[in-house]
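Thank you all for coming; I would like to walk you through a few local features of one model, residue by residue. Please have a look at it first, and then we will begin with a single side chain.

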Amino acid sequence: MKRQLSLLMSVSIIAGSLMNQSARAVPVTPTSPLVSLPGATFGGTGIPNTSVAVATSGNATIGLSASARFEDPAVTDDGMGTFFAAAGNDAAQGQPGYAKFNFNWYASGGPGYYAKLLYDLDPAFNNDISTMKSLGEVALSGSTIQDSWNNGMAFLLTGLPLGGGPFNPNIAGEYSYGMQLLNSDHVVVAATYINVQTGSPRTGTSVPETGASWVYLGLGLIGIVGVSRTLKRKEVVAS
């Protein structure tokens, strides 16, 4: 019985530790309702600027959006920061390594501000913000910087300091993006985030229990059952 209790306590500690780690995870949750951002072109022509996640600080503004590439199926949204795009690659437009949607970013502000773009190459849902990629900070000097990018672009797959990683547009899932505005001390003073879901939409931003924690918990319970049966057999033999 003592051995059973000891093992049970060990499994509980392991499972509890893993669940606490999961609870500390911070998935990307859209923080801004989508609004119009007049004047934003995202570096092209005809790119919608009426559904943009915008954040401001002082005279600086940042924004994020998503749109279809060329003749690909239209991207829709829920008005609160989640976009819905077609899954699959863009071979029809000559780019089999590209997704059928682009993410669009905008930053404008005076000297003393920096902008940092975060992007996600992993199709899993509820990815932690700390796993997102970045090309680093860019100083704002009173001008506007903006563009429309695709996860399949080579410089995003190999970029430094925090860029890089494989991307498969054929896997349906959820991709997250963030724009952060930093002050002269490089402290984040404003931020905005969006999610782009491809394929069948899935809603909700709850943090699922990690597979590892369920595996450890399951193995622990199996071990307890095994020990219990062993002890019972020993008791029978002893009697």
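This is a predicted model: local features need pLDDT of at least 70, side-chain atom pairs count only at pLDDT 80 or more; totals for chains, interfaces and linings use all residues.

Let me start with Asn 195, whose side chain reaches the backbone oxygen of Val 28 at 3.1 Å, which is a polar contact in the sense of a pair of N or O atoms within 3.5 Å where, within protein, one must be able to donate a hydrogen and the other to accept it, and where residues adjacent in sequence count only if both atoms are side-chain atoms. Residues are numbered from 1 along each chain as its sequence is written, and side-chain values use heavy atoms, with hydrogens and water left out.

Asn 195 lies in strand β13, residues 188–198; helices (H or I, at least four residues) and strands (E, at least two) are DSSP runs numbered from the N terminus. With 1% relative accessibility, Asn 195 counts as buried, where buried means under 20% relative accessible area, exposed over 50%, and partly exposed in between, using a 1.4 Å probe and protein chains only. Leaving aside neighbours within four places in sequence, Asn 195 has contacts (heavy atoms within 4.5 Å) that include Val 28, Pro 30, Phe 83 and Tyr 175.

Tyr 175 also belongs to one aromatic cluster, together with Phe 101, Phe 103, Trp 105, Trp 149, Phe 155, Phe 167 and Tyr 177. Rings of Phe, Tyr and Trp (its six-membered ring) pair if their centres lie within 6.5 Å, and planes under 30 degrees apart count as stacked, over 60 as edge-to-face and the rest as tilted. Searching the whole structure gives 7 aromatic pairs. In one of them, the ring centres of Trp 105 and Trp 149 are 5.1 Å apart with planes at 70 degrees, so this pair is edge-to-face. That pair links distant parts of the chain, since Trp 105 sits in strand β8 (residues 101–108) and Trp 149 in strand β11 (residues 144–149), 44 residues apart. Trp 105 is buried at 10%, and Trp 149 is buried at 13%. Trp 149 also pairs edge-to-face with Phe 155, the centres being 4.9 Å apart and the planes at 85 degrees, and Phe 155 is partly exposed, at 37%.

Finally, a word on the backbone: Phe 70, although not a glycine, has a positive phi of about 50 degrees, and Phe 70 is exposed, with a relative accessible area of 62%.
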